Amino acid sequence: MNHIHSESPSEILARLRATFRTGRTKPLEWRTAQLRALRTMLTEGGADLAAALHADLGKPSGDAYRTEIDFTIREIDHTLDHLEAWLAPEAVAAPRHLGPDASAWTQYDPLGVVLVIAPWNYPAGLLLAPMVGALASGNAVVAKPSELAPATAAALARLLPAYLDTHAVAVVEGGIPETTALLAEHFDHIFYTGNGTVGRIVMRAAAEHLTSVTLELGGKSPVFVDRGTDLDVVAERLARGKFLNAGQTCVAPDYVLTDPLTAAALEPALRRAIEGLYGTEPATSGEYGRIVNERHFDRLTGLLDSGRVVVGGGTDRTTRFIAPTVLADVDPAAPVMQEEIFGPILPIVTVSGLDEAIGFVNDRDKPLALYVFTESEDTRHRIADETSSGGLGYGLPVAHLTVLELPFGGVGESGIGSYHGRYSIETFSHRKAVLAKPLA
């Protein structure tokens with residue numbers, strides 16, 4: 001039975017909490033059954049989701065599968081392979097003063113009823129991947145897809161109840177009023193992916209109930225290009241990472257820091273790389289997406305005069321198309337450097353070298369990711385030791401989040417907490433301390 005549209009948030013929460021208290025979601029068998037059902041949903045409903053993602057974001061089918069559908073299937077398979085071992089109690093040494101017969105261990109308990117709020121840029125993957133961890137941890141889940149990706153939200157609202165246990169999983173569609181109503185409820189954990197402005201709203205609402213939160217936020221993820229690197233390789237990898245999903249990726253390279261000579265040589269390399277990916281007319285490329293809505297289109301076009309256009313700059317509001325664009329001679333005070341770009345505009349800012357680049361990064365909010373192209377081990381060590389970021393990538397942007405054994409998350413302004421693989425179990429569980437001492 002689909003309960004989505006007939007219940008208020010408080011009724012949904014009460015129903016799911018009642019289910020959780022029966023213990024229904026705790027057995028390993030229930031958890032793995034939900035994960036397998038979610039996997040089946042992605043294989044049987046993948047084409048529907050891909051079509052919805054294209055409707056919302058002009059997302060090419062290959063990108064929809066690679067970055068959202070197949071990505072989530074990999075997360076499910078990895079979790080199914082390891083879940084029993086991850087959940088096993090972990091013995092620790094009991095201190096000598098408690099006697100030789102005392103034992104101690106930790107065990108993972110599900111948190112209860114958790115809320116997952118997804119963003120619009122990867123509206124399927126960034127709802128479902130956290131849900132993998134929440135279900136694997138034995139929780140009941142309220143899923144809130146993004147209203148800014150309406151076709152995907154509708155597809156998820158239709159598919160999820162058809163495959164998952166509706167006694168323990170509910171989908172709530174809608175916009176700000178519905179999200180505000182959900183946030184007024186007492187959840188056991190809230191997992192939010194999006195921007196810092198809404199992240200603060202989520203955290204304030206959670207504080208009313210002392211609810212724990214995971215905030216997957218964003219920020220301006222810098223790239224440092226060292227002198228002497230192979231700029232054709234740098235440009236090709238930068239262009240792939242930056243212009244994926246038309247730049248609407250939380251870990252996309254936001255801006256480049258490099259010295260003036262390297263910057264001058266990087267310009268034609270980026271021009272060639274973009275043409276190699278999308279041709280001379282990106283608007284006709286089947287591999288290039290669109291901006292999510294007119295509001296973001298207008299925001300982004302307002303940033304295009306922040307520097308000298310090296311390549312791109314073309315726009316079409318009727319199709320929400322903004323060409324892959326590189327800006328040079330960008331002043332750090334320019335509008336494009338004041339906010340996370342979240343679109344297909346790549347500014348190049350010149351610095352004298354590594355010292356100034358490190359200072360530039362450290363003078364700003366801690367980024368979700370930091371990328372470095374260098375052949376120098378010393379440069380790598382200095383970046384790692386002297387900066388703080390959610391993730392650090394040498395020689396390849398964006399890809400660190402595909403390594404399921406690595407935690408994915410931010411630090412400071414770029415987020416609180418992390419997930420993927422085992423780290424999702426830690427996020428959606430309480431690690432309970434247990435001590436046992438025989439009575440006789």
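Reply: Buried here means under 20% relative accessible area. By that cut-off, helix H5 (residues 125-136) is mostly covered, with twelve of its twelve residues buried. Keep in mind that this is a predicted model.

Let's start with the helix itself. The buried residues of H5 include Gly 125, Leu 126, Leu 127 and Leu 128. Pro 130 is buried in H5 as well, and so are Met 131 and Val 132. What about the length of H5? At 1.5 Å a residue its twelve residues should span 16 Å, and the end C-alpha atoms are 16 Å apart, so the two agree.

Gly 138 follows H5 and has a positive phi, near 90°. The backbone oxygen of Gly 138 also lies 2.6 Å from a polar atom of the Thr 25 side chain. Thr 25 itself is found in the loop between helix H1 (9-21) and helix H2 (28-44). Is Thr 25 buried or exposed? It's buried, with a relative accessible area of 0%. Leaving aside neighbours within four places in sequence, Thr 25 is in contact with Gly 138, Asn 139 and Ala 140, among others. Phe 20, Trp 30, Arg 31 and Ala 168 are also among the contacts of Thr 25.

Strand E6 (residues 189-193) has five of its five residues buried, so the rest of the structure largely encloses it. His 189, Phe 191 and Thr 193 point one way from E6, while Ile 190 and Tyr 192 point the other way. Strand E3 (residues 113-117) pairs with E6 in the parallel sense over four bridges, and Leu 115 has Ile 190 of E6 as its bridge partner. E6 is also joined by five bridges to strand E7 (residues 212-216), again running parallel. In that pairing, Phe 191 stands opposite Thr 214 of E7.

At the start of H9, a side-chain oxygen of Asp 230 comes to within 3.2 Å of the backbone nitrogen of Asp 232. Among the buried residues of H9 are Leu 231, Val 234, Leu 238 and Phe 243. The buried residues of H9 pack against several elements, including strand E8 (222-225), strand E9 (255-258) and helix H10 (260-278). Just after H9, Asn 245 takes a positive phi of about 55°.

One more sheet before you go. Three strands form an open sheet in the order E1-E2-E20, with antiparallel pairing. Strand E1 (90-92) and strand E20 (429-436) are the edge strands, each pairing on one side only. On average, neighbouring strands of this sheet are turned by 30° against each other, direction ignored. Strand E2 (residues 103-110) pairs with E20 over eight bridges in the antiparallel sense, and Tyr 108 has Arg 431 of E20 as its bridge partner.

Definitions and conventions
Residues numbered from 1 in each chain as written. Predicted model: local features only at pLDDT ≥ 70, side-chain atom pairs only at ≥ 80, totals over all residues. Heavy atoms only, no water. Buried < 20%, exposed > 50% of the residue type's maximum accessible area, 1.4 Å probe, protein only. Helix = DSSP H or I, 4+ residues; strand = E, 2+ residues; numbered from the N terminus. Contact = heavy atoms within 4.5 Å. Polar contact = N/O pair within 3.5 Å; in protein donor to acceptor, adjacent residues only side chain to side chain. Pairing = 2+ DSSP bridges. Expected span 1.5 Å × (residues − 1). Axes fitted to C-alpha atoms, helices over the stretch in contact; angles between N-to-C directions.
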